[in-house]
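Subject: Structure handover

Hi,

Here is the structure for you to take over. My notes on what was found in it follow below.

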Amino acid sequence: MVLAQLGEGITAALSRMCRATVADDAALTTCLDDVSRALLRADVRFESVRAAIHNVKSTTNPSTLPPGVDRRRAVHKAIFAELCHMLDPGKLPFTPTKGNKPNVVMFVGLQGSGKTTTCAKHAAYHRRKGFAPALVCADTFRAGAFDQLKQNASKAKIPFYGSYTESDPVKIAMKGIDTFKNERCDLIIVDTSGRHRQEDALFEEMRQLSEATKPDLVIFVVDASIGQAAFDQALAFKKSAPVGAVIVTKMDGHAKGGGALSAVAATRSPVIFIGTGEHIPDLEPFDVKPFVSRLMGMGDLRGLVDKFNDVVPDDEDNDELVPDLTGDFTLKTMRQMFKSVQRVGPLGQVLSMIPGLSARFMEKGKEKEGQAKMKRYMTIMASMTRKELEFTNPSTLMTESRIVRVARGSGRPLRDVAEMLEEHKRIAKALSKLPLKKLANNNNS
Ligand code: GDP
């Protein structure tokens with residue numbers, strides 16, 4: 001899961017606060033201390049953490065809260081707002097449009113940041129969205145860059161241009177862009193050279209390339225493991241090229257990802273995607289509100305539906321597979337939920353998007369067990385009647401004789417059926433506590 005530790009720290013702090021008998025100052029201080037610790041561990045700048053905590057304290061002070069407002073709820077809301085503020089650059093990125101005019105996108109970043117891999121991921125992502133992308137390798141500095149991008153391009157079946165013999169990156173970029181404009185590609189992605197350190201030669205090359213190619217968007221790629229140091233790196237790149245957006249890579253393996261994201265936002269550069277693995281599909285669109293929702297254990301409904309639309313072919317009936325979590329949570333909804341998770345996988349990534357589900361099926365290191373459990377429950381549900389599946393409160397309908405019938409039909413012991421019904425009850429309860437209708441609206445707005 002993205003930023004597992006940070007998310008776990010924040011949700012644990014919030015649920016401790018919710019369980020406290022009274023939401024007094026002591027409970028609030030403990031909660032905010034825990035949230036601060038989680039943020040600092042993720043390498044978020046101390047000053048930002050201090051300011052955020054100060055704001056939460058002052059907006060949730062009982063003397064300033066309107067009468068009748070639940071303090072726990074107010075704290076939840078205030079933390080959500082502060083985390084969003086921390087990650088919001090206050091600027092919208094350029095978004096390429098399909099069809100008419102070709103969009104030229106140039107990638108810049110230090111060597112090893114994941115630039116070449118991300119170019120291919122970016123191309124593949126946009127092809128799934130209906131673009132006709134192409135890749136140009138203008139990295140003449142690193143031996144092997146040409147072969148790496150070419151290999152990635154052919155794996156993802158994306159047209160590729162590069163040269164073994166030409167040493168001038170500007171010439172290669174111009175030739176590649178012209179070639180693909182003629183071939184009516186509408187997203188031309190140019191990979192450029194990196195260096196191990198920020199150095200003049202790299203910045204000069206970037207300047208020349210961006211002046212010659214006049215890209216619609218320059219994307220700066222940064223490795224999450226550098227945490228808050230991403231602030232200085234992003235500023236240095238912004239000085240030399242018109243950086244319009246950022247992709248933070250390696251968010252799958254680094255505890256400092258939160259620091260990197262907030263540091264980039266502080267340079268007023270929008271993060272558009274995060275890299276979550278070494279493979280082509282491991283690229284997730286980044287949006288502040290849904291991301292914070294996930295961090296706070298509230299799920300990311302839009303992310304789930306997006307991920308879904310990525311993998312479910314157009315000719316399939318998506319509605320059958322996308323669970324509607326805003327209506328009654330029946331066994332049928334739970335079955336759809338499991339089906340989607342199995343379909344979209346990998347389990348970890350997807351489960352964290354479903355509110356109330358992650359903790360139940362995704363305990364760290366127990367993903368396989370979670371998957372087996374879902375499979376078992378689906379087998380059981382396959383033996384249930386339509387009425388049983390669509391009943392709002394199935395536990396009241398499921399008499400002993402019905403349970404025996406279902407157990408026999410599915411070949412599972414009685415206790416598995418009872419366990420499945422209990423699980424349904426637990427998830428329904430978790431979901432009922434969330435403002436899902438509002439969340440779905442926010443996510444869709
Ligand atoms: P470049 O020098 O900036 O072009 O970097 P590369 O694209 O060659 O990537 C450097 C290493 O980082 C490679 O081993 C990639 O597989 C790996 N990498 C890139 N993005 C990610 C990511 O999001 N997660 C993980 N775990 N590894 C990544």
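What covers the buried residues of H6? The cover includes helix H5 (115–128) and strand S2 (133–138). Strand S3 (160–161) and strand S4 (187–192) are also part of it. Keep in mind that this is a predicted model.

**Helix H6**

H6 spans residues 145–155. Its buried residues are Ala145, Phe146, Leu149, Asn152 and Ala153. Seen down the axis of H6, they fall within an arc of 140°, so they line one face of the helix. The general rule is that an α-helix has 3.6 residues a turn, so residues three or four places apart point the same way. Asp147, Ser154 and Lys155 are exposed, on the face of H6 turned away from the buried side. After H6 comes lysine 157, with a positive phi near 55°.

**Overall make-up**

The protein has 445 residues, and 44% of them are buried. There are 22 helices and 8 strands. Take the contacts with a separation of 6 or more: residues 24 or more positions apart account for 72% of them.

**Nonpolar cores**

The largest nonpolar core has 88 residues. Within this core, the residues with the most contacts are Leu135, Val136, Ile189, Val248 and Val264. Both domain 1 (4–87) and domain 2 (103–295) give residues to this core, so it lies between them.

Which residues is valine 248 in contact with, leaving aside its neighbours within four places in sequence? They are Val222, Ala224, Gly257, Ala260, Leu261, Val264, Val271 and Ile274.

**Helix H9**

H9 covers residues 230–240. Ala230, Gln233, Ala234 and Phe237 are buried there. Around the axis they cover an arc of only 95°, which puts them on the same side of H9. These buried residues pack against strand S1 (103–108), strand S5 (217–223), strand S6 (243–249) and H10.

**The loop between H2 and H3**

Two residues of this loop are worth a look. Aspartate 43 lies between helix H2 (25–41) and helix H3 (46–59). Its phi is positive, near 70°, in a residue other than glycine. Is aspartate 43 buried or exposed? Aspartate 43 counts as buried, because it has 24 C-beta neighbours inside 10 Å and the cut-off for buried is 20 or more.

Valine 44 is in the loop between H2 and H3 as well. Valine 44 is buried, with 26 other C-beta atoms within 10 Å. Leaving aside neighbours within four places in sequence, valine 44 is in contact with Leu39, Val49, Gln228, Gly258, Gly259 and Ser262. How many residues apart along the chain are valine 44 and alanine 263? They are 219 residues apart, yet their C-alpha atoms are separated by 7.4 Å.

**Arginine 268**

Arginine 268 also has a positive phi, near 60°, and is a residue other than glycine. Its place is in the loop between helix H10 (257–266) and strand S7 (271–275). Arginine 268 is partly exposed, because 13 other C-beta atoms lie within 10 Å and residues count as exposed at 12 or fewer.

**Methionine 420**

Where is methionine 420? Helix H21 (residues 414–432) holds it. Methionine 420 is buried, with 27 other C-beta atoms within 10 Å. Not counting residues up to four places away in sequence, methionine 420 touches Tyr377 and Ile380. Methionine 420 and lysine 115 are 305 residues apart along the chain, and their C-alpha atoms are separated by 45 Å.

Best wishes

Terms used
Residues are numbered from 1 along each chain as its sequence is written. This is a predicted model: local features need pLDDT of at least 70, side-chain atom pairs count only at pLDDT 80 or more; totals for chains, interfaces and linings use all residues. Helices (H or I, at least four residues) and strands (E, at least two) are DSSP runs, numbered from the N terminus. The arc is that of the directions from the helix axis to the C-beta atoms. Two residues are in contact if their C-beta atoms, placed from the backbone, lie within 7 Å. A nonpolar core is a set of buried Ala, Val, Leu, Ile, Met, Phe, Trp, Tyr and Cys residues joined through C-beta atoms within 7 Å. Domain bounds come from an automatic or database domain assignment.
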